[in-house]
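My notebook for today: I want to look up pockets and salt bridges in this one. Here is what I have on screen.

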Amino acid sequence: MKRTYLLLFLASVFLFSCEVESVNGPDPDPNMEQGSEDEADNDNDDADADDDTNGEDVENMVSNDGLVGTWILSDLRFDETLNNDQLDFAKEILEYLIENECDLITMTFNDDGSTVSQSKVDHLSINAGATGLEIPCPSEVDEEAATWSLEDDQLTLVDEAMEEATITVVMEDENTLLINGSDVDENNYDGAVAVFVKQVEEE
């Protein structure tokens, strides 16, 4: 029962944050291990990583061909020892939706340089049911079209209003893409690394 009340409180905080812009903090390390207790010991390594594409070598760079395809948000990584209630709850919501086969954020990159992103984050509704929280998969989705170009780990997006944004992307493996959480949803994912998994077509 106490857990239910806590989740209800966090739900109200999470939904309120969708309407309030958060202050961007420092970029997290894409290689951050969940629950790491060695943060202090790794300060020097993190400093070196900033000078080398967040610690990634050339093999982890994203290629144009590697980026083409559809990517779905599958996880949030952050230092869980910091006890960030908002990120904890955002991760719990994401896990719930994934278990119920609901794709919260999807990005599709086409080989002609066009891209479409779809997000249901701003249409989430969280209800308290007899068995706990219920989070139905939103039927509404925010869709945004843009063009994309890639240089090393820098992905540049230009939307239909000709507004340009450049973000850092890291290829963990051929089917796993890491993006700073604040670049995906600055209101709810700031301080985390968003993990996208590529959808592989079955032959």
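**Entry 1: a pair across the chain.** I started with E172, which is partly exposed, with a relative accessible area of 33%. This is a predicted model, so I'm reading computed values here. E172 makes a salt bridge with R77, and their closest N and O atoms sit 2.8 Å apart. E172 belongs to strand β8 and R77 to strand β1, so this pair ties together parts 95 residues apart in sequence. Is R77 buried or exposed? R77 is buried, at 17% relative accessible area, because the cut-off for buried is under 20%.

**Entry 2: the other salt bridges.** How many salt bridges are there in the whole structure? My search gave three. K91 pairs with D75, with 2.5 Å between the closest N and O atoms. That links helix α4 (K91) to strand β1 (D75), 16 residues apart. K91 counts as buried, with 9% relative accessibility. K91 also bridges to E95, where the closest N and O atoms are 3.8 Å apart. K91 and E95 are four residues apart in helix α4, so about one helical turn separates them. E95 is partly exposed at 39%. Shared partners join D75, K91 and E95 into one network.

**Entry 3: the largest pocket.** I looked up its volume and got about 900 Å³. Its lining has 31 residues, and the closest to the centre are S117, E144, L157, D183 and V184. By type, the lining splits into 13 nonpolar, seven polar and eleven charged residues. Elements that each supply at least two lining residues include β2, β3 and α5.

Methods. Residues numbered from 1 in each chain as written. Predicted model: local features only at pLDDT ≥ 70, side-chain atom pairs only at ≥ 80, totals over all residues. Heavy atoms only, no water. 1 Å grid on protein atoms, 1.4 Å probe; cavity = no way out; pocket = protein on both sides within 12 Å on 5 of 7 lines; lining within 4 Å. Points joined across faces, edges and corners; volume = space filled by probe spheres on them. Nonpolar A, V, L, I, M, F, W, Y, C, P; charged D, E, K, R; others polar. Salt bridge = Lys/Arg side-chain N within 4 Å of Asp/Glu carboxyl O. Buried < 20%, exposed > 50% of the residue type's maximum accessible area, 1.4 Å probe, protein only.
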